[in-house]
Amino acid sequence: MNLDFSEEQEMLRTTTRDFLTKECPKTLVRELEEDEKGYSPDLWKEMAELGWMGLVLPEEYDGMGMGFMDLIILLEEMGRNILPGPFFCTVILGSLPILEAGSEEQKKELLPKISAGELILTLALTEPSARYDATGVATRAVAQDDGFVINGTKLFVENAHIADYIICVTRTKEGASPEDGITLFLVDAKSPGIRCEVMPTMGADKLCEVVFADVKVPKKNMLGELDKGWPVVQRNMEQAAIAKCAEMIGGAQAALDMTLAYAKERVQYGRPIGSFQVIQHYCANMWISVETGKNILYQAAWKVGEGLPATKEVAVAKGYINEAYKFVSERGVQCHGAIGTTRDHDIGLYYRRAKAAELAFGDTDFQRELVAQQIGL
Amino acid sequence: MHFQFTPNEEAFRKEVRYYLEREIPKRWRELGFGLWEETDESWAITRDWNRKLGEKGWLAVAWPKEYGGQERPVMEQVVFNEEMTYQGAPTGVETMMTIGWVCPTIMIYGTEEQKQEYLRKAAKGEIVFCIGYSEPGAGSDLASLTTRAVADGDDYVINGQKIFTTMAHRADYCWLAARTDPDAPKHQGISMFIVPMNTPGVTVRPLTNILGFHSFNEVFFDDVRIPKENLVGEKNRGWYQLAIALNFERSGVAAPAGAKRMLEELVEYVKETRRNGEVLAKDPLVRHKLADLAVEIEVCRMLCYRIAGMQSKGLIPIHEASMGMLFGSELMRHLTTAGMQILGLHGLLNRGSKWAPLSGAIMRGHLASLSLGVGGGTSEIQRNIIATRGLGLPREPRV
């Protein structure tokens, strides 16, 4: 057992943190919340130059050929800084399914462009039923001429309004089980019949409603096999859940650091509030949540990266970190007092992100049920 | 990063498991004794068991060979502790105190004579220590202890009282913290002694713990005379040695292993128990509770590995160890609280009733878990340590 990051990984963390601190200050984060696009194309270009979008893609697709654990480090730092934009949906929800299920032609066509920062991708899975399981997929794709025609409504699609391609999860057959008969398509976001609208959300994080009305997709844009797309989605959901955990732990660490700094400097009753045991115990509890969350994250991420079965580990991690991030950010606001409840202070950004992140890729109840099944219930 | 045990560690786990499956005494299994349950019979069984392990070099697997250990790496100790707890091997808190805290401190601060005298015997299961820290007026504020040790010729003469001294009635020696300089600031006048429990002037009086067993004691020292060689480490530096000794207690690698076994038994119970015409395992509230516990157990296990990982590198976990102890003790409270809720009225029953689910183990665990959040530093003291020593928050002004 070796529970330490390598020197190279520590370096990756430092350079990522330094870059984001400089290039993505909280003023920019707030600005982008109000911005129509929700990301900074200049920053996006710089990130591509650093090789971030192709970090885990093989070198033959102009990637850096690094490991999943390295990506976790990057995501932790992004969560710490609340980097807005389409990194998560392009890399985790876009490039990983293509890498896994794409044809050689699709990989050659798309992955180098993703590495270069020339393409934004996203995944359209959830629908008005707001479920992450196969039962929730009602959007239909029907074979017609030399392709398919998609009809249906997708909700909570990250950054669809700026995406070049949408990986659309569709039902192509009423199979014996809900998992049977799911097919994935790479849909050009500019295809006629697509209507996209940004939804007003708590996190101002550009979740979209995407309506597919008779959208034609050529057959060559099918990602993976006909009717057998669910395992691809399922693996991607595990990757996404654990990747989200990394962002969340980074955010929780930032909320803790911010709270500690405040507790050391804010004076009431003639002494720093951090010298009161009540505040000390809140902080101790917050830190325990962050530290234990990291341990459980790294173990699950390592298993996912190694391609080992990790259903239980991922569910444990997401379930735990969901609660940890909410807890840490809520205590963070409380320790800050009134200023914490305003939009003038950064701590509230984390509180809003924590709730949004919990609900992404399976909330705590969802994860609990997975864990229950894994322990034999 | 790498999150798997090595082939060596796995092989050792297999060896330990194989041994335990065959060797754990049948009578011990029948008794089903948990933490803080102590009788003449359980004492006899654990003492025999410790001698048996001692012969194999397994009582103190990580200790140097010259003191009766096997010099196994920390991670193998972790594997060993996990298996011992998970398989329910006979053990008493006196073993943990002797092997886990007192002797490692003697190893650091003791003279060669002291090491030869105590460590070998302890590793063979021949002697056990009780720990004389808490006093009626010195609990969380341990440094205010008033038991005095006064130099007199070749001896020290000890006077005072200790309380909550676990297993003092069984112990061969007391690992005693006493004040040697009453004029120094309170942390700087304490020294550590080894006091044979059969020394004239030592009186042990029982206290009954919340489970109804005699594990705690009061220990009175009336003009107890011990030779100067029984001072361990430097005079008046005892507090700092004691702080190190407390850290041995706080890594807590066995807690999640014990919790895992208990959770598995609960899972089996809910799968075969019907309530209101439905199997309990199908009740969403029950599933929710048990899943939460499974999450907590996994999180605790990883935290313990992290602490062990530090120890593997020769680092001394301080606030990390506090976290481990805190998390482990709260896990046991959460586990047994949820267990009690799931069992309902039946959960109140103890062994001896044919109606008692899991022979009353959850109920007894529920009571036993109380002392986990108190002994060896309360949860509040652990949080103070985490906040001040770990996070660098300013100390509260103290009198």
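This is a predicted model: local features need pLDDT of at least 70, side-chain atom pairs count only at pLDDT 80 or more; totals for chains, interfaces and linings use all residues.
**Entry 1: a salt bridge in chain B**

I started with B:Arg13 and B:Glu82, whose side chains meet in a salt bridge at 2.9 Å, N to O. For this term I ask for a side-chain nitrogen of Lys or Arg within 4 Å of a carboxyl oxygen of Asp or Glu. The pair links distant parts of the chain, with B:Arg13 in helix 1 of chain B and B:Glu82 in helix 4 of chain B, 69 residues apart. Helices here are DSSP runs of H or I with at least four residues, strands are E runs of at least two, and both are numbered from the N terminus.

Are these two side chains buried or exposed? B:Arg13 is buried at a relative accessible area of 10%, and B:Glu82 is buried at 7%. My cut-offs are under 20% relative accessible area for buried, over 50% for exposed and partly exposed in between, with a 1.4 Å probe and protein chains only.

I then followed the shared partners: salt bridges join B:Glu10, B:Arg13, B:Arg17, B:Glu82 and B:Glu83 into one network.

**Entry 2: ground rules**

Residues are numbered from 1 along each chain as its sequence is written, chains are lettered from A and ligands numbered from 1 in the order in which they are written, and side-chain values use heavy atoms, with hydrogens and water left out.

**Entry 3: salt bridges overall**

How many salt bridges are there over all chains? My search of the whole structure finds 54. One of them joins A:Asp346 to A:Arg30, with the closest N and O atoms 2.5 Å apart. I placed A:Asp346 in the loop between helix 9 (311-336) and helix 10 (347-359) of chain A, and A:Arg30 in helix 2 (residues 26-34) of chain A, 316 residues apart. A:Arg30 counts as partly exposed at 26% relative accessibility.

**Entry 4: aromatic pairs**

Next I looked up rings, and the structure holds 22 aromatic pairs over all chains. Rings of Phe, Tyr and Trp (its six-membered ring) pair if their centres lie within 6.5 Å; planes under 30 degrees apart count as stacked, over 60 as edge-to-face and the rest as tilted.

B:Phe12 and B:Trp58 are edge-to-face, 5.8 Å centre to centre with 85° between the planes. B:Phe12 lies in helix 1 (residues 7-23) of chain B and B:Trp58 in the loop between helix 3 (40-56) and helix 4 (74-86), so this pair ties together parts that are 46 residues apart in sequence. B:Phe12 is buried at 2% relative accessible area, and B:Trp58 also counts as buried at 2%.

I found B:Tyr118 and B:Tyr173 edge-to-face too, at 5.1 Å centre to centre and 90° between the planes. B:Tyr118 is in helix 6 (residues 112-123) and B:Tyr173 in strand 4 (residues 173-179) of chain B, 55 residues apart. B:Tyr118 is buried at 8%, and B:Tyr173 is buried at 13%.

Back at B:Phe12, ring pairs link B:Phe12, B:Tyr19, B:Trp49, B:Trp58 and B:Phe80 into a cluster. What sits over the ring of B:Phe12? I found the charged end of B:Arg72 there, 3.7 Å from the ring centre. My test for this is NZ of Lys or CZ of Arg within 6 Å of the ring centre and within 35 degrees of the ring normal.

**Entry 5: domains of chain B**

Chain B is divided into domain 1 (7-91), domain 2 (130-238) and domain 3 (250-390), with bounds from an automatic or database domain assignment. The C-alpha centres of domains 1 and 2 of chain B lie 29 Å apart. Their contact (heavy atoms within 4.5 Å) takes nine residues from domain 1 and ten residues from domain 2.

The area buried between these two domains is about 800 Å², of which carbon and sulfur atoms give 60%. I take buried area as the accessible area (1.4 Å probe) that two parts lose on being put together, summed over both. In domain 1 of chain B, B:Trp36, B:Glu38 and B:Trp43 lose the most area to domain 2, together 70% of what that side buries.

I count two salt bridges between domain 1 and domain 2 of chain B.

**Entry 6: chain B against chain A**

Lastly, the chain contact takes 47 residues from chain B and 41 residues from chain A. It buries about 4300 Å², with carbon and sulfur atoms giving 68%, and I count five salt bridges between the chains. A:Arg271 forms a salt bridge with B:Glu396, the closest N and O atoms being 3.6 Å apart. The charged end of A:Arg271 also sits over the ring of A:Phe276, 3.8 Å from its centre.
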